[in-house]
Amino acid sequence: MKFLKGLLVALLVIAALILVVPLFLPSESTWAAKTEIEISPEQVFHNVALYTDRMIWDPWIAMDTDAAVTIIPQKGYIGSTYAWDGEKIGTGKMEVQEVHFPDFIKSHIWFGDMQDPSVVEWELEKTESGTRVTWKFISKGKYPFGRLMMVFMKGSMMKSFESGLAHLKSFLETNPPVLYELSEIKIDKSYDTQALVVPVSGTIDQIIEKMQQAFPMIFQEIQEQGLTPNGPAFVHYKDYDEATGFSNAEIAVPVNKKGVKSGEVVPKFYPAVEAVVATQRGDYTYFRESYDALAGYIEENNLEVTGEAFEVYLKTMMDSSNPMDWITMIAFPLKK
């Protein structure tokens, strides 16, 4: 009888712990780990939000290297998915739900057949040496066992998060993401274009600075002259001195009909030309790579060019803060 009585008391204590203790535990838990990665927030964001190379640093895949992984990236990031299926780690899926480039990513995560997802958030803060990264996991636990489980899992989850961030840091610093793509290089023909232009000269950096003044001047003239923009803005580099980095150029906006000279703004007609053409997607700091690729194509195909270059800004930083949304067509006119 004493034994049964003691057992009953023990069971009551256990039941009390199971039923009473969770009443004082939060229904939602947040776990977060931090690190600093010596690359830009844009690069970290692009890699994490597309799940690119996720299986290389994921701490749970490291526990189950035979797990099958499926990654489906989306160009706009939202909707990118990462799914896994392994004997040790089970099945699950993450999907990007919300982004704020380049500092915030929110995903939903489902484990097994669960209907209600947990939340994964990434916060990226620019620092002097790179990016401060915060990786969060936010989950709700049902009373009583879900709340108890979150307490028991906290230690192992934090170790996994810290391990994952350490591997992510090592991988990204060794293999920094490239925010750049170049289309197939080909020969194409432009069309006749009327434009308003501002002639400029100087180094590439100086010409870029002058664009900030020239484009507003041109658009003001377009309005005052009753014209309509008739295509994307462009810069026509008429020459380039390799020794000095000096160019004579024209900053231009196509218009629907011929305009008139007004101050520094002058009208110009550009006849159609054949050119070696490629489209760059990405940060403008990669222009050198694009120019070198076009130059290589010209040499390989024994083509003759005029020495001029056009940069046509199809989508710019005015349209998006994400460099992978910036699209520039680069053209080298061929000699007739």
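Of the 336 residues in this protein, 40% count as buried, and the model in which they are counted is a predicted one. The chain is arranged into six helices and 16 strands. When contacts between residues at least 6 apart in sequence are considered, 67% of them join residues that are at least 24 apart.

In soluble globular proteins, nonpolar side chains tend to be buried together. Here the largest nonpolar core has 34 residues, and Trp 122 and Leu 168 are those with the most contacts inside it. At least two residues of this core come from each of strand S1 (28-37), helix H2 (41-49), strands S3 (81-86), S4 (90-100), S5 (104-111), S6 (118-126) and S7 (131-140), and helix H4 (145-174). Helix H4 gives the most, with seven residues. Apart from this core lies another, of 30 residues, which includes Val 235, Val 255, Tyr 291 and Ile 298.

Leu 168 lets us follow the packing in detail, for, once its neighbours within four places in sequence are left aside, Leu 168 is in contact with Ile 37, Asn 47, Val 48, Trp 57 and Trp 122. Is Asn 47 buried or exposed? Its relative accessibility is 4%, and because buried means under 20%, Asn 47 counts as buried. Leaving aside its own neighbours within four places in sequence, Asn 47 is in contact with Thr 52, Asp 53, Trp 57, Leu 168, Phe 171, Leu 172 and Pro 177.

We can turn next to the aromatic rings. A pair of aromatic rings is described by the distance of the centres and the angle of the planes. The count in this protein comes to 21 aromatic pairs. In one of them, the rings of Tyr 51 and Tyr 82 have centres 5.6 Å apart and planes at 25 degrees, and since planes under 30 degrees apart count as stacked, this pair is stacked. Tyr 51 sits in the loop between H2 and helix H3 (54-57) while Tyr 82 belongs to strand S3, so that the pair links distant parts of the chain, 31 residues apart.

Trp 60 and Trp 135 form an aromatic pair with another geometry, edge-to-face, with 6.1 Å from centre to centre and 75 degrees between the planes. Because Trp 60 lies in the loop between H3 and strand S2 (68-72) and Trp 135 in strand S7, this pair ties together parts that are 75 residues apart in sequence. Trp 60 counts as partly exposed at 22% relative accessibility, whereas Trp 135, at 2%, counts as buried. Ring pairs also link residues into a cluster, among whose members are Tyr 51, Trp 60, Tyr 82, Trp 122 and Trp 135.

The largest pocket holds about 1100 Å³ of space. It is lined by 36 residues, of which Met 211, Tyr 237, Phe 287, Glu 311 and Tyr 313 lie nearest its centre. Two or more lining residues come from each of helix H5 (204-224), strand S12 (246-255), helix H6 (287-300) and strand S15 (309-315). The largest share, seven residues, comes from H6. By class, the lining has 22 nonpolar, five polar and nine charged residues.

Methods. Residues numbered from 1 in each chain as written. Predicted model: local features only at pLDDT ≥ 70, side-chain atom pairs only at ≥ 80, totals over all residues. Heavy atoms only, no water. Core = buried A, V, L, I, M, F, W, Y, C linked by side-chain atoms within 4.5 Å. Buried < 20%, exposed > 50% of the residue type's maximum accessible area, 1.4 Å probe, protein only. Helix = DSSP H or I, 4+ residues; strand = E, 2+ residues; numbered from the N terminus. Contact = heavy atoms within 4.5 Å. 1 Å grid on protein atoms, 1.4 Å probe; cavity = no way out; pocket = protein on both sides within 12 Å on 5 of 7 lines; lining within 4 Å. Points joined across faces, edges and corners; volume = space filled by probe spheres on them. Nonpolar A, V, L, I, M, F, W, Y, C, P; charged D, E, K, R; others polar. Phe/Tyr/Trp six-rings, centres within 6.5 Å; stacked < 30°, edge-to-face > 60°.
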